[in-house]
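Trainee: Please take one part of this model and go through it closely. I would like the cut-offs along the way.

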Amino acid sequence: MQEKPTTPPNNHLAMAIISTLLCCQPLGIVSIVYASQVNSKFIAGDYIGAERASKNAKTWWIVSLAVAAIGYLFIFAIYGIGFFLAFVPDDI
């Protein structure tokens, strides 16, 4: 028979909140929902469900961070091209 774990898995709630506030809100909210399920599932005895919710929370805050990074890179590229083109002479 499998032993019951004594500590719940990491709920990643802090990173879920940070990714919601600083990155992509819709994906961060999904991460917060999964993070909030970890402890309640663990207390209810659903250890596999708690582990799955923890992995989902981690996945969604990483996806939120990646989407924000790609978005910021795109914005910086657009502004960089515009800045560069502002100083290029028209006769070239």
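Mentor: From the N terminus on, the chain runs α-α-α. That makes 3 helices and 0 strands. Helices (H or I, at least four residues) and strands (E, at least two) are DSSP runs, numbered from the N terminus. This is a predicted model, where local features need pLDDT of at least 70, side-chain atom pairs count only at pLDDT 80 or more, and totals for chains, interfaces and linings use all residues. Residues are numbered from 1 along each chain as its sequence is written, and side-chain values use heavy atoms, with hydrogens and water left out.

Take helix 3, residues 47–86. Its 40 residues should span 58 Å at 1.5 Å a residue, and the end C-alpha atoms are 59 Å apart, which agrees. The expected span is 1.5 Å times one less than the number of residues.

The overall outline comes next. The C-alpha atoms of the chain fill a box of roughly 80 × 20 × 15 Å along the principal axes. The radius of gyration of the chain is 21 Å, whereas a compact globule of 92 residues would have one near 12 Å. That radius is taken over C-alpha atoms, and the globule rule is 2.2 Å times the number of residues to the power 0.38.

Now burial. Buried means under 20% relative accessible area, exposed over 50%, partly exposed in between (1.4 Å probe, protein chains only). Of the 92 residues of the chain, 23% count as buried. In helix 3 the buried residues are Gly49, Ala50, Ala53, Ser54, Ala57, Trp61, Ser64 and Ala68. An α-helix has 3.6 residues a turn, so residues three or four places apart point the same way. The cover over the buried residues of helix 3 includes helix 1 (13–22) and helix 2 (25–43).

Two residues show the packing. Serine 19 sits in helix 1. It counts as buried because its relative accessibility is 2%. Beyond four places in sequence, serine 19 touches Cys24, Gly28, Trp61 and Ser64. Contact means heavy atoms within 4.5 Å. Trp61 and Ser64 are among the buried residues of helix 3.

Valine 67 lies in helix 3. At 39% relative accessibility, valine 67 counts as partly exposed. Its contacts, neighbours within four places aside, are Cys24 and Leu27. Valine 67 and leucine 27 are 40 residues apart along the chain, yet their C-alpha atoms are separated by 9.0 Å. Across the chain, residues 24 or more positions apart account for 66% of the contacts with a separation of 6 or more.
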